[in-house]
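Let us walk through this protein together, one step at a time. Please keep the sequence and the 3D view open as you read.

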Amino acid sequence: MPILDPSSGAANGPGSPSGRTFAQIRARANFGLVLPSAAVLVSPTLTMKKTRAHFPRIKTIAYEGPKTTNALAFRHYNPDEVIDGKTMAAHLRFSIAYWHSFRGAGTDPFGSATLQRPWEKGSDPVSIAKHRMDAAFEFFQKIRAPFWAFHDRDIAPEGRTLAESNRNLDRVVDHARDLQRATGVKLLWGTANLFSHPRYMCGAATNPDAHVFAYAAAQVKKALDATKRLNGTGYVFWGGREGYETLLNTNLKREQDHLAAFLHMAVDYAKSIGFKGQFLIEPKPKEPTKHQYDFDVASGIAFLRTYGLEKHFKFNVETNHATLAGHTFQHEIEVAAAQGMLGSIDANSGDLLLGWDTDQFNTDVRELTLAMLSILRAGGLGTGGFNFDAKLRRPSIDLEDLFLAHIGGMDAYACAFKIARRILAEGKFEEFVAARYASFDRGYGRTIEQRRVGFRELSKLALSKLGEPRPRSGKQEYLENLLGSYLH
């Protein structure tokens, strides 16, 4: 079998077909990949300063419709299609997660990096960070994603001191601001990495050492400054280390009190600098800790209300985190939406056979259609969006794999969006559910919802007039078949 070298675009080795390029070999395998010659970044209204192209073989991804055989084209996502006065891009607000797409190296607990990126070269960490960011914004434009998201330490290197780390972040944020202005790509949200460095091994806001708490506060302050400077529409708190490994060494109430104090400080500081973005909590039940305090949306709501924070926060719901919590993606969306606290989505999926956060690109149109139904019924995500918190599989090492993965995810969400809109427009599910609860729309049922009746009145009614209730079918099989008629 020939050895394929993606970097050179040529097949080599014993028996390799003379003169046949890597792209031509793959095209014969019916991938339909189009690998054009080098191109400068393209934007409908804005153009980046001309620099060396990092993805010279790949043009801006075009919408070609469901029948296309071109793997580097959208089948369902047409960002320019106008629906109800808004483009599909404005409805879906896709975002690229910087940490997975441009800092992920393909490592796992059993193996080293597999992704060797051409922009990861140089001796000065800040210069490398800027070079990497150039590649990222080229990708954002070519994949036609209007937003991106970051952790502070994703985009700028950690220094030997906090002051040096802050200076590094300032330099890279300046560069990011220039790239945003040149391309029109916007920041969906920013956040601080309070989980990777050894100082946070026992948590950040919940650390038993006040010194670590203070350091984390300083880091979040700087990350909020950066997010405001880049006009981010939100700021996310993911407490990966905010939990415990064992209760033998943990004062649970004190840690939760400290976490609440930390979040109140963030709210106060945001007000003081005029940051008007939406604060978001991203729940996760475990990993890397044994138990994380914001286990799921329901526990997050309880925490926020306990500490008087519910007016300041909404939820960034992640599919894979819902799975780890023993819930469906739709369940977590519904719980947040029911309380008016649905803010944004981390778009990915997990492997149901594995017990950890695999962060895969979600192409399950059925699951996404159910999620879209709940999101649309809730009125959408507001200033939030669908952030692809997903990473390539470890053996997917080609640069074009990054495009293929996002194309698949974006197409799946777009397809689900269209199906969900059709379902809602036809109203069959809404009619069924409305009829199922109709007894609460009138008579004594209405007084129950209005809380104008109590046990005594209802007991008298049941004994004198109502008698034994008549069971009614939930028609689950009918409804699942009805959903299938939209999907297939």
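Helix α12 (residues 365–377) and helix α17 (residues 476–487) cross at roughly 105°, and their axes come within 11 Å. Angles from 65 to 115 degrees count as roughly perpendicular, those under 35 as roughly parallel, those over 145 as roughly antiparallel, and the rest as oblique, so α12 and α17 are roughly perpendicular to each other. The axes here are lines fitted to C-alpha atoms, for helices over the stretch in contact, and the angles run from 0 to 180 degrees between N-to-C directions. As for the helices themselves, these are DSSP runs of H or I with at least four residues, while strands are runs of E with at least two, and both are numbered from the N terminus.

Which residues of α12 meet α17? On the α12 side they are Val365, Arg366, Thr369 and Leu370, and their partners in α17 are Glu480, Leu483 and Leu487. Contact means heavy atoms within 4.5 Å. Sorted by class, this contact holds four nonpolar, one polar and two charged residues. In this sorting, Ala, Val, Leu, Ile, Met, Phe, Trp, Tyr, Cys and Pro count as nonpolar, Asp, Glu, Lys and Arg as charged, and the others, Gly among them, as polar.

Before going further, a word on where this comes from: this is a predicted model, in which local features need pLDDT of at least 70 and side-chain atom pairs count only at pLDDT 80 or more, while totals for chains, interfaces and linings use all residues. Residues are numbered from 1 along each chain as its sequence is written, and side-chain values use heavy atoms, with hydrogens and water left out.

Now look at another helix pair. Helix α4 (residues 125–143) packs against helix α13 (residues 399–426) at an angle of about 40°, with the axes 11 Å apart. The two are therefore oblique to each other. Phe139, Lys142 and Ile143 in α4 meet Leu402, Phe403, His406, Ile407 and Met410 in α13. The classes in this contact are six nonpolar, one polar and one charged residues.

While you are at α4, find Glu138, which also has its place in this helix. Is Glu138 buried or exposed? Its relative accessible area is 3%, so Glu138 is buried; the cut-offs are under 20% for buried, over 50% for exposed and partly exposed in between, using a 1.4 Å probe and protein chains only. A polar atom of the Glu138 side chain lies 2.6 Å from the backbone nitrogen of His54.

You will find Glu332 in helix α11 (residues 329–338), and with a relative accessible area of 4% it is buried. Leaving aside neighbours within four places in sequence, Glu332 is in contact with Asp296, Val297, Val317, Ala322 and His327. One of these, Val297, has its backbone nitrogen 3.0 Å from a polar atom of the Glu332 side chain. The C-alpha atoms of Glu332 and Pro283 are separated by 9.6 Å, and these residues are 49 residues apart along the chain.

Next come His100 and a partner. His100 sits in helix α3 (residues 98–103) and is buried, with a relative accessible area of 15%. Not counting residues up to four places away in sequence, His100 touches Asp359, Asp389, Ala390 and Lys391. The side chains of His100 and Asp359 are joined by a polar contact of 3.1 Å. A polar contact is a pair of N or O atoms within 3.5 Å; within protein, one must be able to donate a hydrogen and the other to accept it, and residues adjacent in sequence count only if both atoms are side-chain atoms.

Asp359 itself lies in the loop between β15 (342–346) and α12, and at 7% relative accessibility it counts as buried. Its backbone is worth a look too. Most residues other than glycine have a negative phi, and most peptide bonds are trans. Asp359, though not a glycine, has a positive phi of about 50°. Asn231 is not a glycine either, and has a positive phi of about 55°. Asn231 is found in the loop between α7 (210–229) and β10 (234–237), and it is exposed, with a relative accessible area of 61%. The peptide bond from Glu287 to Pro288 is cis, with omega near 15°.

Finally, step back to the whole protein. There are 17 helices and 16 strands, and buried residues make up 47% of the 488 residues.
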